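Hi,

Here is the structure I promised to pass on. Have a look at it first, and then read my notes below.

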Amino acid sequence: MRKTIAIAGGTGGLGAAICRELAVRDYHILVGYHSNRDSAEQMVNAITGTGGSARSHAVDLCDEAQVHAFLDHAASLGAGLAGVVNATGPAIPLRPLTEISSAEFRHIMTTDVEGAFNLLTAAGKFFAANGGGAIVQLLTTAVLRTLENDAMSGIPKTAIMGIVRQLARELGPQNVRLNGIAPGVIDAGIVHSSFTADPVADAVINDCLDKTPMPRMGKPEEVSALAAFLLSDAAAYINGQIIGIDGGYSA
């Protein structure tokens, strides 16, 4: 029987790429989604249509009961839960920090940081009680090197990075591994929506690309391959690491 990987944010650009990558590697996929049920079902159908195994499950990470239900569902599938990926993230304003309202700041911090806290701690407790497991959190290259007008990406993800590293230290003795992936400009998801949003957003992305030694966007498949590696037994001694996949932007 296939082991299960639960992916919160499985309908987003990078989350979807991770779902596809792990399905090819013969995992059962639980596609977690917040409200976009149609996209989640399309992902399930795409995976099962090519011989893979997948189901979908709605989850609001800011609701602890829903987080536990999501993980319980994953644990009941196939050969049990082997890994969890958090690929979620709210829409963010790309503006100077001094132009962010307290209401915007509070909403993004609550949605992103509290949601990640709920999922990562619940998954960590589950794995600690069940012989171990692997957790991967998607972050941003802004946790490694700041970028103008990108505060509301970097600040919450920096807080989440702290959660990842703290749990890695505390739960390592129970064979629970947590690692973060810090993508740069990837040709998927939020980048496409941001390019058309406003001139400031366009400038942020192009500024990051201009400062990247490798003169191109990253590919979703490059991020998903790293996620699959970190979830695998080949990465069994990798714990508490934040790995940039940004073409050298953070060098």
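A pocket, on a 1 Å grid over the protein atoms alone, is an open set of points where a 1.4 Å probe fits, with protein on both sides within 12 Å along at least five of seven lines; lining residues have an atom within 4 Å of a point. Volume here is the space filled by probe spheres set on the points, which are joined across faces, edges and corners.

Before the findings, keep in mind that this is a predicted model: local features need pLDDT of at least 70, side-chain atom pairs count only at pLDDT 80 or more, and totals for chains, interfaces and linings use all residues. Residues are numbered from 1 along each chain as its sequence is written, and side-chain values use heavy atoms, leaving out hydrogens and water.

The second largest pocket holds about 340 Å³ of space. It has 16 lining residues, and Lys-3, Ala-82, Gly-133, Leu-231 and Asp-233 are the closest to its centre. Strands β4 (81-86) and β5 (133-138) each give two or more residues to that lining (strands are DSSP runs of E, at least two residues; helices are runs of H or I, at least four; both are numbered from the N terminus).

Now for helix α7: residues 199-210 make up its 12 residues. Ala-201, Val-204, Ile-205, Cys-208 and Leu-209 are its buried ones (under 20% relative accessible area with a 1.4 Å probe, protein chains only; exposed is over 50%, partly exposed in between). Cys-208 counts as buried because its relative accessibility is 4%. Pro-199 and Asp-210 are exposed, on the face of α7 turned away from the buried side.

Cheers

Methods: Expected span 1.5 Å × (residues − 1).
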